Amino acid sequence: MSERILEVRSLQKSFGAHEVLKNITFSVDAGEVICIIGSSGSGKSTLLRCINYLEEPTGGDILFHGKNVEKEWKRGEFLSKVGMVFQSFNLFANMSVMENCVIGQMRVLGRNRKDAEEKAVYYLEKVGMAPYRAARPGQLSGGQKQRVAIARALCMDPEVLLFDEPTSALDPEMVGEVLSVMKQLAEANLTMLIVTHEMSFARDVADRVIFMDQGVITEDAAPGELFTNPKQPRTREFLSRVISRQL
Amino acid sequence: MVRPTTFFQWVEFLLQQYGSLFLRGTGITLLVAITGTVLGFLLGLLVAIVRTIPVSRKDPWYKRIPLKIAQFLLGMYIEVFRGTPMMVQAMIIYYGAMQYLDLRMPVLVAAVVIVSINTGAYMAEIIRGGIISVDKGQKEAAYAMGLTHWQSMTGVVLPQAVRNIMPSIGNEFVVNIKDSSVLNVISVGELFFMSKSAAGTYLRYFEVFFITGCIYLVLTISITRILRLVEKKMDGKNHYTIYGSQSDSKSSITVADKEEA
Ligand SMILES: Nc1ncnc2c1ncn2[C@@H]1O[C@H](COP(=O)(O)OP(=O)(O)OP(=O)(O)O)[C@@H](O)[C@H]1O
Ligand SMILES: [Mg+2]
């Protein structure tokens, strides 16, 4: 059995009176690729954002390597080990591609510039963006931006990478280039938690698929099982709706 | 010396007679405007940063309450200094310090202090607007990689905010060049004050202030142009180098700039 990296226990999140996450419990083992699917507004982004401190959970616990994230981890250290890739890329607009990849390494991990740049070039090469290291985000296409964003996250040597709909803001012809990078990461055994609407990617790449509905995990199973034999009627309904649209 | 008769003769005569006076006035106007704008910018930056620190109900009281009070007081400062004429502020600060604090400021110091505080109030709001206008995702990406609030502000948000408000900063600069003229009420020897004394001797108000107007115009236009160049510089090149492609030679491709396209 591989090591348990992340554990979410009875996570609850409300915005005012609106309860967006209700009693979410699941865990992530090292090397696992988990896709989270579900209809719009079901709380997928909020779940990732709670794991990553961008939203303050209103209840429950998150454990990282068995230690409570809020009480036993230094925030900066935890955040540097859990990377995030956003739907809208969020590359730092005032910096070159290279600076985007270097700033976190230097300021958070305390690496010197030379090491940081070496690492940046290494990962930029992996995602095929090394030639563009001097470009600014505004000079890149969406797919290129997202590949840089992935390299930027990898530069921090994260143990888990969170993706929030990484291809939803892309033109169709650029979706493939980003998914293929993510596929490579999966093959390299990086632990990933991916919110996505790309059902064929989830089916082919994920070790587990989590289906969320109105703030609750209603199904958590291997893709083969969840896609061919969904237990819940809501899952079945969602899948037939989405898959008929995508195929 | 022959007494000048035509407009141009007067202008030439006054320039010969009072050239050094105009020069000194121009120098002081520039000095007050530049230092006032720079110090005002720094002051405004500080005020805007404090005013945009997020206060959460979860923070302990000893952090939350002083911050709330500071934010309230800074709000008052902005209201007061934006809501009264700089001329009145000059009188109150200069004579107030003299009468009640027994502090006789050199007028030049007083001038810089007044312009800085006044500009700071405007800049604070301009910069706060700039900070708010930066896409929320930028800060989130910075937080998500573990940067602190301060590191995110200085490394990511403020550089973009300042770039976005450069035109407004230039505007404040131009306003300061012109509005430093109100400081003649406390006898600061800036351009307007010098012009008034030059005009008084021969009672040639039109000609003197024609020259004065030209000088102001040259100053403001130059400043605007210089700031344009600074903006260009901040934007960086509109093309970038592709590394390691065809053989070893660096090739460069040009990408059309959004604003210029
Ligand atoms: N900051 C916020 N304040 C109030 N309500 C919010 C906030 N953020 C999210 N919500 C609400 O929480 C619910 C879940 O939102 P969330 O973005 O997590 O959904 P999602 O599953 O990611 O949807 P999508 O597929 O459209 O991205 C929505 O009803 C949304 O309106
Ligand atoms: Mg979402």
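## B:Glu140 at the chain contact

B:Glu140 touches A:Arg49, A:Leu54 and A:Phe86, leaving out residues up to four places away in sequence; contact here means heavy atoms within 4.5 Å. The model is predicted: local features need pLDDT of at least 70, side-chain atom pairs count only at pLDDT 80 or more, and totals for chains, interfaces and linings use all residues. Side-chain values use heavy atoms, without hydrogens and water; residues are numbered from 1 along each chain as its sequence is written, with chains lettered from A and ligands numbered from 1 in the order in which they are written.

B:Glu140 sits in helix H5 of chain B. Helices (H or I, at least four residues) and strands (E, at least two) are DSSP runs, numbered from the N terminus. The residue is buried, at 13% relative accessible area. Buried means under 20%, exposed over 50%, and partly exposed in between (1.4 Å probe, protein chains only).

Which residue of chain A meets the side chain of B:Glu140 in a salt bridge? The partner is A:Arg49, at 2.8 Å from N to O. A salt bridge is a side-chain nitrogen of Lys or Arg within 4 Å of a carboxyl oxygen of Asp or Glu. A network of salt bridges links A:Arg49, A:Glu55, B:Lys136 and B:Glu140.

## The interface between chains B and A

Chain A gives 35 residues to the contact, and chain B gives 27. The area buried between the two chains is about 2,300 Å². Buried area is the accessible area (1.4 Å probe) that two parts lose on being put together, summed over both. Carbon and sulfur atoms give 59% of this area. On chain B, three residues stand out: B:Met145, B:Tyr240 and B:Tyr243 supply 28% of the area that chain B buries against chain A, more than any other three residues.

Between chain B and chain A the count is one salt bridge. Seven residue pairs are in polar contact, both residues at pLDDT 80 or more. A polar contact is a pair of N or O atoms within 3.5 Å; within protein, one must be able to donate a hydrogen and the other to accept it, and residues adjacent in sequence count only if both atoms are side-chain atoms. On the side of chain B that touches chain A, the elements giving two or more residues are helix H5 (136-144), helix H6 (149-179), helix H8 (205-235) and strand E1 (239-242) of chain B. H5(B) gives the largest share, seven residues. This side of chain B divides into twelve nonpolar, nine polar and six charged residues. Ala, Val, Leu, Ile, Met, Phe, Trp, Tyr, Cys and Pro count as nonpolar, Asp, Glu, Lys and Arg as charged, and the others, Gly among them, as polar.

## Salt bridges within the chains

The structure holds 23 salt bridges over all chains. In one of them, the side chains of A:Asp29 and A:Arg4 meet at 3.3 Å, N to O. This pair links distant parts of the chain, 25 residues apart: A:Asp29 is in strand E2 (residues 18-29) of chain A, and A:Arg4 in strand E1 (residues 4-15) of chain A. A:Asp29 is buried, at 9% relative accessible area. A:Arg4 counts as partly exposed, at 40%.

A:Asp220 and A:Arg208 also meet in a salt bridge, at 3.0 Å from N to O. A:Asp220 lies in strand E10 (residues 216-221) of chain A and A:Arg208 in strand E9 (residues 208-213) of chain A, so the pair ties together parts twelve residues apart in sequence. A:Asp220 is partly exposed, at 35% relative accessible area, whereas A:Arg208 is buried, at 15%. In chain B, B:Glu125 forms a salt bridge with B:Arg128, with the closest N and O atoms 3.1 Å apart. About one helical turn separates B:Glu125 and B:Arg128, because they are three residues apart in helix H4 (residues 107-133) of chain B.

## Nonpolar cores

The largest nonpolar core has 55 residues, of which A:Ile150, A:Phe163 and A:Met192 touch the most other members. Helix H7 (residues 172-187) of chain A gives this core its largest share, eight residues. A nonpolar core is a set of buried Ala, Val, Leu, Ile, Met, Phe, Trp, Tyr and Cys residues joined through side-chain atoms within 4.5 Å.

Leaving aside neighbours within four places in sequence, A:Ile150 is in contact with A:Val85, A:Val127, A:Phe163, A:Val178, A:Val181, A:Met182 and A:Leu185. Another core, of 43 residues, lies apart from the largest one, and includes A:Ile34, A:Ile36, A:Ile103 and A:Met212.
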